[in-house]
Amino acid sequence: MTKEEILELIEEEGVEFIRLQFTDIFGILKNFAVTTGQLEAVFKNKCSFEGSAIFGERFELDDKLFVRPVLDSFTILPWRPQQAKVAKMVCDVCTEDGTPYCCSSRFILKKMLKKAAEQDCSFLVDPENEFFLFHMDENGLPTTNSHEKAGYLDVGPMDFGENARREIVLLLEEMGFEVESSHHESAPAQHEIDFREADALSTADAIQNFRFAVRSIAKRFGLYATFMPKPKTTEPGSGMHLNITMMKDGRNIFFNNSRKEVSQEAYWFMGGILHHGKALSAIANPTVNSYKRLLAGYQAPDRLVWSSKGERAFVKLKKYPDDAKVELRFPDGSANPYLVLAACLAAGMDGIEKQMDPGEDASLNKTLFQTGEPVADNLREALQELQKDEVLNSALGKEFVDIFCDIKNREWREYMYNVSEWEVEKYLIKI
């Protein structure tokens with residue numbers, strides 16, 4: 001889409017506001033709105049913002065950062081009023097002269113994909129997004145309450161969120177999404193929506209747009225949508241499973257067509273993911289809460305193993321008659337999708353380059369689910385592993401890793417300083 005086509009569409013549709021959206025390092029969507037009269041300034045790279053919007057108080061640059069809209073991302077938001085319509089554009093973050101900002105998460109993924117392209121490689125990704133729809137209180141604030149008791153694949157009237165989920169799917173399709181399936185997940189009030197595979201950058205953009213749309217549409221039903229990994233102790237958590245296909249010269253190199261079997265590259269790719277697994281968790285599971293999902297069971301992966309069957313593995317190999325994919329089951333919805341893909345693709349390519357053996361299939365040797373190397377116990381351990389991992393430091397950038405780990409280590413210390421309800425209930429009477 002060209003600038004002229006955007007301006008023409010704006011006039012035809014009566015668009016009055018455009019949201020310029022970008023993502024901070026933690027995967028939180030940020031935006032500011034401009035009127036249509038300001039678009040020429042936007043196109044000329046004149047719209048700026050404070051760097052703290054990406055890094056918080058850790059941002060140390062004196063200069064402001066700027067947004068450069070991705071023209072093809074122009075989309076009218078279908079849930080907004082039809083009078084004075086609102087549209088949005090995904091933006092890259094750059095400096096005043098238009099140079100991409102090195103610590104922008106979208107730029108980090110683009111850099112990783114450019115490196116892969118130099119080897120004639122590209123990636124297709126289809127995500128499986130899980131989330132909860134909870135009630136809000138009388139003040140409009142989110143709770144973890146739901147009256148429903150529905151479980152996996154249940155339907156209405158047990159599934160109280162069926163109407164909201166249907167509306168989400170319909171409006172996503174209006175925005176250009178090709179939704180493959182949607183259903184109720186295992187826990188009460190938990191849902192999953194999957195959309196069609198696309199190239200890695202488009203998928204990361206889509207995940208961000210998806211989260212934004214789900215939250216906005218849920219609110220219309222008086223519900224709060226959360227992608228928090230583990231909102232309730234006694235229920236399964238929510239993951240963001242990523243199914244990856246690695247392409248080279250137009251073919252899937254995870255599958256040997258002549259032999260109709262999984263290729264060696266697929267096993268090496270999994271070997272790289274498992275080898276870097278604990279460090280990857282700092283990016284794919286970047287909150288204190290993430291590890292309560294991983295370590296609590298409910299089919300969440302707690303060992304660095306792969307399998308061809310079952311749901312408990314860190315990595316799952318999916319084989320079809322004429323295809324194969326590698327599914328990453330450890331990422332969760334608190335993660336920045338740009339960073340997760342950049343880091344995981346770097347780890348997988350390192351595995352192929354160094355021909356890393358992923359070990360036995362845990363579905364054939366089920367003792368590995370008890371004896372295999374455990375995942376990181378907590379955020380602090382994962383951050384320590386990330387800081388030591390040369391491959392991921394190279395892929396993400398040493399400056400970025402230092403800033404990310406500094407902020408996340410502060411988060412860990414804040415968590416450790418706070419007294420939880422569990423501690424009071426456990427120790428107050430006894431001690």
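Two strands pair if DSSP finds at least two bridges between them. Helices (H or I, at least four residues) and strands (E, at least two) are DSSP runs, numbered from the N terminus. The model shown is predicted: local features need pLDDT of at least 70, side-chain atom pairs count only at pLDDT 80 or more, and totals for chains, interfaces and linings use all residues. Residues are numbered from 1 along each chain as its sequence is written, and side-chain values use heavy atoms, with hydrogens and water left out.

View 1. Strand 7 (residues 121–135) runs antiparallel to strand 12, joined by 9 bridges. Among these contacts, E128 has H241 of strand 12 as its bridge partner. Strand 18 (residues 323–328) is also antiparallel to strand 12, with 3 bridges; here I244 faces V326 of strand 18.

**View 2. The hairpin of strands 12 and 13.** Strand 13 (residues 251–252) pairs with strand 12 in the antiparallel sense over 2 bridges. M247 has N252 of strand 13 as its bridge partner. The hairpin has 2 residues between the strands, and D249 in the turn has a positive phi of about 55 degrees.

**View 3. I429 after helix 15.** I429 lies in the segment that follows helix 15 (421–427). I429 is exposed (over 50% relative accessible area), with a value of 80%.

Key
Buried means under 20% relative accessible area, exposed over 50%, partly exposed in between (1.4 Å probe, protein chains only).
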